[in-house]
Structure formats: structure tokens, C-alpha cells
Amino acid sequence: MTRAPQPCQEIPVELMSGGVLARMRPDLSIGAALPPPGGNVRVAAELGAHAPPGDNAGMARDNNRAQLQRVALLLVLDGTRPSGALEWVPRVAPVVTQAAVGAGHWAAGRRQRALAAWASAAGIGLVAWGLGTEAPSRAEVESIQRQQRDRLVKLNPKAATAETQAPTARQQSWLGLAATGIGMVTGVRSGLRNPQRLTVLAIAGEAPTVVFYVLRVARAVQRRKPRIAAGSALVVAGSVARLRAASAEPLR
């Protein structure tokens with residue numbers, strides 16, 4: 001004898017229609033509605049096995065692109081060994097510029113500014129010497145750059161068709177020589193006139209030089225290039241001394 005269900009009590013499927021529905025549709029029974037033990041684990045495993053790879057390819061491309069950017073930065077920090085007069089002039093010209101700026105400040109009685117400029121000149125000279133003896137040759141740099149371009153083409157095949165005709169090395173040298181001449185004139189004028197006092201603009205003007213040469217110091221120490229490391233440290237010291245002199249010796 002089957003007992004009547006109490007109020008608020010769930011009615012089993014087997015009791016509905018005398019169990020006919022349960023016999024006709026076994027999938028509607030309570031046991032069929034619940035997953036078997038460990039079923040969730042098996043489903044998750046199957047989903048993980050058949051899930052699409054997601055953005056793994058995109059992550060790999062991002063990693064490769066980050067590696068290419070890192071290599072490019074290291075090439076800039078290492079520099080290239082000058083191979084001719086046209087390539088040596090841009091390396092040595094800042095030494096002459098800072099030496100002239102220091103002489104002008106010394107003649108005007110601004111000793112701290114003069115020492116700061118001469119420290120920068122000595123540092124740039126040491127860096128130029130280090131580039132001539134410790135930096136990789138142009139052939140080595142071009143080989144690394146060629147490998148970078150090949151990897152970039154593999155990441156982005158359209159990059160091969162997007163390249164434009166670049167100027168030759170000699171054309172780049174002549175353009176650099178012209179820019180160096182203009183930079184020497186403007187550098188002497190700017191060094192003798194600005195900044196008149198220590199300002200946010202003056203700090204912002206020295207910040208890129210400090211950041212770049214601090215990174216170059218770390219890279220040169222890592223690569224055991226003492227001349228480049230010492231010269232870069234002197235350039236940083238010159239920039240800091242120039243900011244201190246701007247507050248101690250404002251231009252009149």
C-alpha cells in the first residue's frame with residue numbers, strides 16, 4: 001500500500017501515473033537527473049581536452065615582439081663601432097660642444113656650471129673611446145638586425161611588403177654630419193643660456209639623458225666594457241651637476 005505524500009513533500013516521478021511515466025521516460029527519473037559521482041570532474045577534463053587553444057598564439061606573438069624590442073634596445077645601448085671619419089665626427093662633436101660651454105661658463109665666473117659641462121665632455125669622450133674599442137662592428141650589428149627583420153616577417157608577413165627604401169649608410173653619414181654641425185652651434189648657445197634657474201622644464205630636459213646613460217652603465221658593466229661604463233657614469237654625473245649648478249648659480 002502506497003502512502004499519500006505529505007504537504008510540501010516532493011512527489012517522486014515513480015509515483016506519478018502509477019510509475020508509467022518513469023517506465024516510459026527513464027531519463028526523467030531523479031537518478032538520471034543527477035550526474036554520476038565524479039561526473040563534473042570528467043566533464044571538466046573533457047572540456048579542457050577539447051577546448052580551443054585560446055590566445056596562446058597571440059601570447060607567443062607578444063612574447064616574440066617583446067624580445068625583438070628588447071634586442072633593439074640593447075643594440076642602441078651597445079652602440080656601433082665607428083668605421084670612418086664621417087661616423088667618428090658625430091661621436092666626438094659633443095665633446096667639443098661641452099668643452100666650449102664649460103669654457104664660456106668658466107670665463108663668466110660660473111665654476112660649477114663649467115665643471116658640470118667638462119664632466120659631460122669627459123664622459124662623452126670616454127664613451128666614444130669605448131665605442132671605438134669595445135662596441136660591436138657594423139657587420140655584427142647588421143647581422144643581428146637582419147635576424148630581427150626575418151623574425152618580424154615571420155610574425156607579420158605584411159611587414160615585408162611595407163618596407164620602404166632606406167637611405168644608404170653613406171647618405172646616413174652625410175645627413176648625420178650636417179645634423180651634427182647644426183647641433184654643435186645650437187648646443188653651445190643653449191648650454192650658455194639655458195636654464196636660467198632650476199625648473200621643472202630643466203629637469204625634464206636632463207631626464208632623458210640621465211635615464212639613457214644609467215641604462216648604458218648597467219649594460220656596459222654587464223658586458224664588461226669599462227670605458228663605456230665609466231664614460232656613461234661621468235655623463236650622468238655631469239647632468240646632475242648641471243641641475244645643481246642651475247640652482248646655485250642662476251644666470252644673470
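Which helices each supply at least two residues of the lining of the largest pocket?

Author: They are α5 (85–107), α6, α8 (169–193), α9 (200–223) and α10 (226–248). The model is predicted, and local features need pLDDT of at least 70, side-chain atom pairs count only at pLDDT 80 or more, while totals for chains, interfaces and linings use all residues. Residues are numbered from 1 along each chain as its sequence is written, and side-chain values use heavy atoms, with hydrogens and water left out.

First, the setting. The protein chain has 10 helices and 0 strands, where a helix is a DSSP run of H or I of at least four residues and a strand a run of E of at least two, numbered from the N terminus. Of its 252 residues, 26% count as buried, meaning under 20% relative accessible area with a 1.4 Å probe on protein chains only; exposed means over 50%, and partly exposed lies in between. Among contacts in the chain with a separation of 6 or more, 78% are between residues 24 or more positions apart. A contact means heavy atoms within 4.5 Å.

Now the pocket. Rolling a probe the size of a water molecule over the atoms shows where empty space is left. On a 1 Å grid over the protein atoms alone, a pocket is an open set of points where a 1.4 Å probe fits, with protein on both sides within 12 Å along at least five of seven lines, and lining residues have an atom within 4 Å of a point. The largest pocket holds about 740 Å³ of space; the volume is that filled by probe spheres set on grid points, which are joined across faces, edges and corners. Its lining has 31 residues, and nearest the centre are Gln-98, Ser-190, Gly-191, Glu-206 and Arg-242. By class, the lining has 12 nonpolar, 15 polar and 4 charged residues. Here Ala, Val, Leu, Ile, Met, Phe, Trp, Tyr, Cys and Pro count as nonpolar, Asp, Glu, Lys and Arg as charged, and the others, Gly among them, as polar.

Take the helices in order. In α5 sits Pro-94, which is partly exposed because its relative accessible area is 28%. The C-alpha atoms of Pro-94 and Gly-183 are separated by 8.6 Å, although the two residues are 89 apart along the chain. In α6 (residues 111–133) there is Ser-120, which counts as buried because its relative accessibility is 3%. Beyond its neighbours within four places in sequence, Ser-120 is in contact with Gln-98, Leu-234, Val-235, Gly-238, Ser-239 and Arg-242. Gln-98 and Arg-242 are also among the residues nearest the pocket centre.

Between α8 and α9 there is a loop that holds Arg-197. Arg-197 counts as exposed because its relative accessibility is 53%. Not counting residues up to four places away in sequence, Arg-197 touches Ala-202 and Ala-246, and its C-alpha is 8.7 Å from that of Ala-245, 48 residues away in sequence.

Helix α9 has 24 residues, which should span 34 Å at 1.5 Å a residue, and its end C-alpha atoms are 34 Å apart, which agrees. The expected span is 1.5 Å times one less than the number of residues. Even so, α9 bends by about 30 degrees at Glu-206, with Pro-208 following within four residues; the bend is the angle between axes fitted to the seven residues ending at a residue and the seven starting there. The buried residues of α9 are Ala-202, Glu-206, Tyr-213, Arg-216, Arg-219 and Ala-220. Of these, Ala-202 has a relative accessible area of 12% and touches Pro-195, Arg-197 and Leu-243, again leaving out residues up to four places away in sequence. The C-alpha atoms of Ala-202 and Arg-242 are separated by 9.6 Å. Further along, Ala-220 is buried at 3% relative accessibility and, outside four places in sequence, is in contact with Lys-225, Ile-228 and Ala-229.

After α9 comes Arg-224, in the loop to α10.

Helix α10 has 23 residues and reaches 32 Å from first C-alpha to last, close to the 33 Å expected. Its buried residues include Val-235, Gly-238, Ser-239 and Arg-242, each of them a contact of Ser-120.
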